[in-house]
Amino acid sequence: MKRKFVVGIVCLLAVALIFAGCGKKAEGPAPGPAAPTTHTIVGLFPLTGVLSTFGENSAEVAKLAAADVNEWLEKENKNWRLRIVIEDTATDPPTGLRKMQSWFGEGVKFFAGPQASGVARECLAFANANKILFISPSSTSPALAIADDWLFRFCTSDAIQGPAVAKMAQEAGVEQLIFVWRGDTWGDGLQKASAEAAKKFGINIYPQELRYDPMLEDFTVQAASLNGYVNDLVSKGVSLDKIGITVISFEEIAPFFTAVNAYPQLKQVKWFGSDGTAMSAALLADPIASKFAIETKFASTKNRPEAATEKSRYDYVRQHIQKTLNRDTDAYSYNTYDIIWSLAKAIDEVGYDSEKVKAILPRVADEWTKVHGASGHVVLNEAGDRAFADYNIWVINDKLEWENVGYYDSRADKINWSRKLY
Amino acid sequence: MAPWLATGLIYASALALTAGGITLLYMSTRTFNFAHASMATLGFYVVYSGAVLGGGVPYKYFPLAFLVGGVLGVICYYGLNRPLLRRGAVEITLMMSTLGYDLILLSVIQMYCDYLTFSRKLFPRRVSMNVFDFELFGVNAASVILPLVAIVFLTGLHLFLVKTKFGVAMRATIENPVLAGASGINSDRVYMSAWIIGGGMAALGGAAMSMAVTGTPVLGMNSIPFMFAGAILGGLHSLYGGILGGFVVGLTEYAGVFYLSQKFGPWVLGYRMGVPLLLMAATLLIFPRGLAGIPWAVLFGNLAGIAGKKRGAKA
């Protein structure tokens, strides 16, 4: 009896809710001026996984950019508003694709991100087939430099970063270089570009290479193997200061350094990183790993934002992240700010039409970033990637802060040091 | 002790605890508990939060992690498992219900990580618990303490099951619930206790595991195949088999893979996660009832006999 009563009440409530929903349109205020249309951009960022601190930075910056865009739209009396939705790709290609498919089903045609090349590659075929425009702030794999596809990248390809990483090894006097890298689209591309450049600089590449599973979270066995390789080189008469190790990784660099820290001789060789490790907040937060990085002068490269113009949003973005997340943001998050603004400006000009936006995006990005660009002036090449960039060189200093000690000038193929490391 | 062996011992101890918990829950309630993954992760976050907010060594928060795991087990039992068991749910339904519970727990973990990130300005999504550890006998304390914790805990569990009245009742219910019920044993209390112990073992195992691998919100999810591999290798019908299975799988992942990489080259490292699973498959092909199905007494008896004959021949 009691059960029937409860079921009856539930049915009544359900019917009441259905009717309440049906009556919704008939109620409300009398018709007034048309409410602004809302256009959606989805931010595909890695809030979890091995790029999570970079993802958090970009997500916060995207929200900031969207708020600024809406303020501008309101001031200009435009009849549309921007809605930004942040989705977590978990730095996982299938997850990133699933999120894109799901939002495309909701009618979304514009995406900021994903950040990792592996995730971007996973999304590419679906985006090309459905004319979805997506712009990555940080996918740098040379394999994704494809003309006339639907992926734009506000960062340069690793065809430029590879020589920058190798140049550091050359300046450090390295004769034998060992590579350790994550086995994904980004890691494979950058390793290949760096190794080719290193060979041109006359550096020998150690034949045993450590390509590891991107899902790996513990590097004890890799550290033991690496120590074995260094032993092998030493036994062949190579002194420790002539041996270099290039680690191409994301934030798993912290557990990696914790593992190699157990082998004292590995502190005496030269260590190099890339944009996956430069400015990593996770590395700073790990006392053992950051101490290892300081002791070995672990040097990493990252896109160098161009000289700030008077109206550049660089400082504005930087201060916002310091306030909200209490950390220095990474170079790619400035690209995210410019991506949201460039998309918004293009949508404002031609409407929420991905084909029309794609056609004018290079010009709009050029015009907007020339004056306001947080990451500097964005000029896109025929593949839709940022055409030029130099690379800052970052190390962790004794105050446990990331310090810019110089930059690689890609056009002159040389490093300009502000503090000589080697 | 070589660093890879030290880490391997920690990891193997953690897998022994978690695989033992999975086996206990399967034996008692026929449930493959997929929520073991997030229970383990929550165990890690209890210890991490204690160490970073409360201070001190992480080990002092291990009992708290066990308690939290036990509470999660009780919630799972009363919220999902018991109602389904009463409706005569089949094993697949019981298993899928725990998968749902796991997803809820995973969401809770993510929310908690957001709280730590934005309110406490911490980095909870990539944690190296080594930084809270100290040195003991020239190695990380974890590589000495955690195998000991596992041994002490599992010995205590053995004594509980063998020497106490409730433990004997528990074993009786697990082996024959109908007969145990007819003898006046309250099976409901027994199942609830199994979930407390099983959940506690998951959380304790997760806390231990974070001393070997990077602590992330998917710590448990990434290692759940190995927890199950350990339980299956153990034979699923023996608690001790499950514990041994977990330990063997864990140690193989480190020591076995390291040995193979030295022998055949670094390409083996790419198959690190496949090697223990291969071992499990090979063992089950030879001994379908897993490690618990191996006639150890006969095996050791034969070995002792052979050794005795050799000694006799020498004399």
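In this predicted model, 54% of the 422 residues of chain A count as buried. Chain A contains 13 helices and 14 strands. Its radius of gyration is 25 Å, close to the 22 Å given by the globule rule for 422 residues, so chain A is as compact as a globular protein of that length. The C-alpha trace of chain A spans about 85 × 65 × 40 Å along its principal axes. Among contacts in chain A with a separation of 6 or more, 71% come from residues 24 or more positions apart.

Five strands of chain A form an open, parallel sheet in the order 2-1-3-4-5. Strand 2 (80-88) and strand 5 (151-153) are its edge strands, each pairing on one side only. On average, neighbouring strands of this sheet are turned by 25° against each other, direction ignored. Within the sheet, strand 1 (residues 37-45) and strand 3 (residues 110-112) of chain A pair in the parallel sense over two bridges, and A:V42 has A:F111 in strand 3 as its bridge partner. Helix 12 (residues 331-350) of chain A packs on the sheet, where it touches strands 1, 2, 3 and 4 (133-136), and its direction makes about 165° with that of strand 3.

Turning to the interface, 30 residues of chain A are in contact with 26 residues of chain B. Several elements of chain A each supply at least two residues to the side that touches chain B, including helix 2 (52-75), strand 8 (210-212) and helix 8 (253-260). Helix 7 of chain A gives the most, with six residues. The residues on this side of chain A divide into 15 nonpolar, nine polar and six charged.

Definitions and conventions
Residues numbered from 1 in each chain as written. Chains lettered and ligands numbered in written order. Predicted model: local features only at pLDDT ≥ 70, side-chain atom pairs only at ≥ 80, totals over all residues. Contact = placed C-beta atoms within 7 Å. Helix = DSSP H or I, 4+ residues; strand = E, 2+ residues; numbered from the N terminus. Nonpolar A, V, L, I, M, F, W, Y, C, P; charged D, E, K, R; others polar. Rg over C-alpha atoms; globule rule 2.2 N^0.38 Å. Buried ≥ 20, exposed ≤ 12 C-beta atoms within 10 Å, placed from the backbone. Pairing = 2+ DSSP bridges. Axes fitted to C-alpha atoms, helices over the stretch in contact; angles between N-to-C directions.
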